[in-house]
Amino acid sequence: MQVNNTEINGFLIDTFNQYGLEEGKTQGVCPMCSSDRKPKNEKAKCASYDWERGLGTCHNCNKSFQLHTYQRKGASEKIYVRPEPSAIHTTSSKVVEWFKSRGISEQTLDELRISEGPEFMPQTGKTENVIKFNYFMGDQLINIKYRDGRKNFKLFKGAEKVFYNINSVVGFEYCVIVEGEMDVLALHEAGITNVVSVPNGATLNSNNLDYLDSCIDYFDDKDKIILAVDSDAAGQALQSELIRRLGSEVCYLASFEDCKDANEYLLKYGKEKLSQRISQARPVPLENVKTFKDIEDDVTDFVRNGFKPGFQIGLDNFDSIFSTYTGQFITVTGIPSSGKSDFVDQMVIGYNGNYGWKTAFASPENQPTYLHAHKLMRKTWGDMPSAEDIHGEKWNQIATHVNSSYFFIDMERYTLESVLRKGAELVKRKGIKCLVIDPFNKVRATDASGDVNVYTLEYLQQIEVFAKKYDVLVIVVAHPTKMYKDREGKIEEPTMYNIKGGGEWYDASYHGLLVHRDYENKTVKCKVLKVKFQNLGENGAEAHFKWEPRSGCFIPHEPVDASNDKMPWD
């Protein structure tokens, strides 16, 4: 029976009642196990049906199942290659036996549509017989992961990265996220069917969760998301990023005691105890409350290695005097037309190049938006693109990169509260690690009345709370209120105290930077006005630059020493 335009849990139904069960009944047979039971029990009503939620639960095999199939939700903006759909062939007896040695039954292989076949593997340089983990969204085959007998892996070239087994979470109030397909199979074997895996495992230094962008709608209705990733350092780094993106308030943590992952735990302790590890998942520790156990890893890392290095932008002279952590904010000041916004753009381009950070801009002064995008494109390109470059190979490459790395918050009326709400949404949906507010006086707090110092402190406290909660770096551009000239008529360099409410700016900011233009020598300098932690920079230190007009990039420059008679060309 096919029903069109019918929706459950925000998902359009593709195939209604996919197993042909007794429609409308609350009790009936189980499509998972009834056919395998003894003849006298084949028609036993061992399952409950919840047609409103689209879920069934068997009281014999303890598995849950979906009554319907659903159309994909949240299509990607990008165009990807798709694997050619083909029949999912039953795996050979040899492969079945291998999975059996890993605690996985043939029934689980069938239910999760595991297949095998020949595939060229670059690690061995030849065609191998491989296991195929087929990635479906709705009824579409989106990707395939191949695994050969030597435990080499690859994904289908050019295909979209999505969660493995993502269809399984529709309709459930909770779901489980694991680190590999074998862990999905292990939990499915233990009766936990609403489980997905990240497509590319975990890495210690960088976890790019682009696949979460196109799958985020599948998690929006979840009351509980259980993270059951590996216990190694890379797995814990992945866990931290998932918590940041999905929200600590819905995330729970499951551990596998002395085992590395779910499949190893299944082999050692069996299905029932594996299921218990998930049911006993504990909430993520409360925000604003920490115990020694919560931070013990950080303490031991500090004892072994000292301070962690700060994040840098990739310009040697600036990196030698300043770096930062996420969860903090930087105040950038300078007189009008000194290049503050341009240097902030240079900073986020550097963070993106070094660490893959995505940035959101709330920049009322950087309008129209297309000109701001053009600036970022030039800095990324390293040159001024011409009309002949439009839609060429490099143009398309840079445009795609800028499109996926930078997001422009465009509002009729900017308020700090609305910008921070949108920033939180962009953390969840796009994974931003940096938010730029430029300038602060055009992104006002809702209550802007009263004492300026009180207002400034509350404004910066809201930014600090946001930065810490979402582990984001915030850069705030703030103009000085007054400019003073020295005896020679030159405008003096402002400090953070020249900003309206200046005392609070200096006290509350983690870091302060001055961007100041020397019109006579056509140079720009960035001076460290404040750095909160000595290991991150040097108060009062300066980095000097020439500004390259075609690319808009800042080029490190050594100023002439007036005390030296020799000129640079001598």
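Student: Which residue in β23 is the bridge partner of Gly 512?
Tutor: Lys 530 is the partner of Gly 512 in β23. This is a predicted model, where local features need pLDDT of at least 70, side-chain atom pairs count only at pLDDT 80 or more, and totals for chains, interfaces and linings use all residues. Residues are numbered from 1 along each chain as its sequence is written, and side-chain values use heavy atoms, with hydrogens and water left out.

Student: What makes β22 and β23 a pair?
Tutor: Pairing takes at least two bridges found by DSSP. Strands β22 (residues 511-518) and β23 (residues 523-531) are joined by 8 bridges and run antiparallel. So they pair.

Student: Why are β19 and β25 called edges of the sheet?
Tutor: The open sheet has 9 strands, in the order β19-β18-β20-β21-β17-β22-β23-β24-β25. β19 and β25 each have a single partner strand, so one side of each lacks a neighbour in the sheet.

Student: Why are α3 and α6 called oblique?
Tutor: Their axes, lines fitted to C-alpha atoms over the stretch in contact, cross at roughly 40° and come within 7 Å. Angles under 35 degrees count as roughly parallel, over 145 as roughly antiparallel, 65 to 115 as roughly perpendicular and the rest as oblique. Therefore α3 and α6 are oblique.

Student: Which residues of α6 make the contact?
Tutor: Ala 262, Asn 263 and Leu 266 of α6 do, with Met 182, Asp 183, Ala 186, Leu 187 and Glu 189 on the α3 side. Contact means heavy atoms within 4.5 Å.

Conventions. Axes fitted to C-alpha atoms, helices over the stretch in contact; angles between N-to-C directions. Helix = DSSP H or I, 4+ residues; strand = E, 2+ residues; numbered from the N terminus.
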